[in-house]
Amino acid sequence: MKKWKPLFSKRVQQLQKRFGFVLFAAILAIVTYAATFTNIQPEKLDVSLFSVAPKDIYSPVTTEDEEATEAKVEEALSKVENQYTLKRDYAQNQVDTLSKLFQAIENERTAAKEAQEAAEDEASKKDNPDHQKEDKAEATAEEAVTVKDVKDQLSPDVYGEFSQETIKGLLDTTPEQLEIARDASITSVHRVMEQRIAVENLEERKEEVRREISYTSLPQALKQTVSDLAAGMIIPNYVYDPQETSKQRQEIRDDIEPVMIQMGQLIVKEGQLIDREIYRMLELVGVLDQSTNLLPFIGLALLTVLLAVLIVYYAKDLKDATRSVQVYQYIYLIIFSVVLLMMKIISFIQPENQDQLGLLVPVAAGTMLIKLLINNRMAVITSIALAFTGSLIFSGSVPGNFNYDLFLYYLASGLAGTLFLSKRNQRSQILQAGLIVAFINAVVVTALTFVGYDQVSDLLLGVGLAIISGVASSILTLGLLPFFEAGFGVLSTIKLIELSSPNHPLLRKILVETPGTYHHSVMVANLSEAACEAVGANGLLARVGSYYHDIGKTKRPHFFIENQMGMENPHNKIAPQLSKTIITAHATDGAEMLRSHKMPKEIVDIAAQHHGTTLLKYFYHQANEQADKEISEAEFRYIGPKAQTKEVAIIGICDSVEAAVRSLSKPNPNKIETIVRSIISDRLQDGQFDECDLTLKELDQVARSICETLKGIFHSRIEYPDMAKKKVK
């Protein structure tokens, strides 16, 4: 099962890479098609949206403008208020409900009293009742009525209107008090409910009822009970009437006359801008009702797909060990889309009778950014793609017509930005490249003007716009480059040149604290740059990475021989294992220091990987001599990882070569070549190049380049006479 995992993983990566380029091509085609779609629509009476009417256009038919009619209806309906109805029967319903409550209480009291009297009559046959017994019997009959008895007398819907506390409060009254409460509450509820009560003034009406009840002669507790009872019976009687509201709306809708476009009605005057409303009316009356020809759209689709495939073909070789190819695809899509967006915006604001505004588009900014951030080949193919797209966007009044003048102008501008911007240029030289682009733009505009027999006034305007385009290209490049570097972690040539400045804080730290290491790093930089350029790798990256590759030695400078300067070697006093730990730590320490200073990932990787997993032979053999048993080599190796790129592998070779050659007392070409090839052979046999793509042929080229550089450094010198005399003495 484990044997299949690497194969499966590799297959997945291949599929991902293949479909990634397919998606890249699809997005490119869609963006290009969307930018040029409106410029190839077939002509319809020379009338298009946001164009100027070439003549007066009248309606050939009489038809209803349903959209305008509906808008008119909606406007009228928005002014119709909701309809409400006064429900006068609500007053009688509430009075009846309230009367039923009081009637139920009286009925229960009467029934209880009759039952009590019947019982007393039976008792009177044996005893003579007196007046006090009668009063006591009456009081007993009133107290015998309960809330449950009243509830049984009421229907559920009526009983649900009252709380048990309210009913109990009414039961705890004398007949005279109950009569007063009944008359006061029914009268007040009936009078108030006869008025218009809406939700908004409901509380106000309830307070009015409470105020009237408060004027009665009832006890205070009973007043509160009756007030709550009467106020609870007040409900809104002015309610929303959906039927009436719907009826009103329908009447309004029926009364509105439809908006008609009459035959012969003037829709648009000559020279008037055809906005969306006018364009809709032209479609409605059938002026634009023509069958759509799909052939131009199919042709544009084929061209955009072909262009996208061409770009992807040149992008398929993008390789970078520090970031995925998708990062470069994102960068390319953003730059390409931004330039197309600028073209589209300028085409929209371009006057109808002015076709020179397209010269203002800073096409060279796109190609210069792509060259700085990706490579030269992608910049060249982008010049062609932008020239093709721009010639369609600025096709003029004839849809689908290529503007060949702008095609040549954009092509020349893009290629000039690519060719005259060296990847080794400083930021200040980007402005120089922009000036060259401006000059070439002006020359191209002048040539095209002369060929087309245009007026001199057109020439002056065109040259001015061309110069502005060139200068704007350099300004945009300078302005956008830091955003791409920071957003995508791209290490551009400009950034590398900035990092190579001796005034950089880390380089100053190396120079001040470890001068021997600084000199060693400069020597490694010279060797690695020449070797990288010999095999087509990034020589500038190798040089800058060499400057920082031993930054970790600044933590313990005196444990490295180039910084000891005649002092006793501290490794003589410590165990080989501790020496190994100190020496190997400079790679990880350096990587951490570079990360803490927000250095680019490429520089950090060089510091971490330049020793790979090589063996510290000196301390390994020393430890074996001191130990009773043989020690494993793994304990005396750097932790790695191994070199992932050509630049890191070459820097590792040059690092070892420089240290070895410096130890020679009398270096000569034969000794130098022997050491160089021995070091390369040892690293090759040790598997240090297994994870980078250096070939044997390239290793031979690296060896020859290093030997040539070292021969120039350690060339023989003549011995002056005075020096010879001193030696004789």
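Phe24, Tyr332 and Phe336 form one aromatic cluster. Rings of Phe, Tyr and Trp (its six-membered ring) pair if their centres lie within 6.5 Å; planes under 30 degrees apart count as stacked, over 60 as edge-to-face and the rest as tilted. Keep in mind that this is a predicted model: local features need pLDDT of at least 70, side-chain atom pairs count only at pLDDT 80 or more, and totals for chains, interfaces and linings use all residues. Residues are numbered from 1 along each chain as its sequence is written, and side-chain values use heavy atoms, with hydrogens and water left out.

**Aromatic pairs**

- Searching the whole structure turns up 9 aromatic pairs.
- In Tyr409 and Tyr410, the ring centres sit 5.7 Å apart with the planes at 55°, so this pair is tilted.
- Tyr409 is buried at 1% relative accessible area, and Tyr410 is buried at 0% (buried means under 20% relative accessible area, exposed over 50%, partly exposed in between, with a 1.4 Å probe and protein chains only).
- Tyr620 and Phe636 pair up edge-to-face, at 6.0 Å centre to centre and 65° between the planes.
- Tyr620 is in helix α26 (residues 617-626) and Phe636 in the loop between α26 and α27 (646-662), so the pair ties together parts 16 residues apart in sequence; helices (H or I, at least four residues) are DSSP runs, numbered from the N terminus.
- Both Tyr620 and Phe636 are buried.

**Salt bridges**

- The structure has 19 salt bridges, each being a side-chain nitrogen of Lys or Arg within 4 Å of a carboxyl oxygen of Asp or Glu.
- Asp589 and Arg556 make one of them, at 3.1 Å, N to O.
- Asp589 lies in helix α24 (residues 576-596) and Arg556 in the loop between α23 (539-548) and α24, so the bridge ties together parts 33 residues apart in sequence.
- Asp589 is buried at 14% relative accessible area, while Arg556 is partly exposed at 34%.
- Asp686 and Arg637 meet at 2.9 Å, N to O, linking the loop between α28 (669-685) and α29 (696-713) to the loop between α26 and α27, 49 residues apart.

**A buried Asp without a partner**

- Asp655 sits in helix α27.
- Asp655 is buried yet has no salt bridge, and the nearest side chain of opposite charge, Lys553, is 5.5 Å away (Lys and Arg count as positive, Asp and Glu as negative; His and the chain ends are not counted).
- Leaving aside neighbours within four places in sequence, Asp655 is in contact (heavy atoms within 4.5 Å) with His520, Val524, His549, Asp550, His610 and His611.

Technical notes. Helix = DSSP H or I, 4+ residues; strand = E, 2+ residues; numbered from the N terminus.
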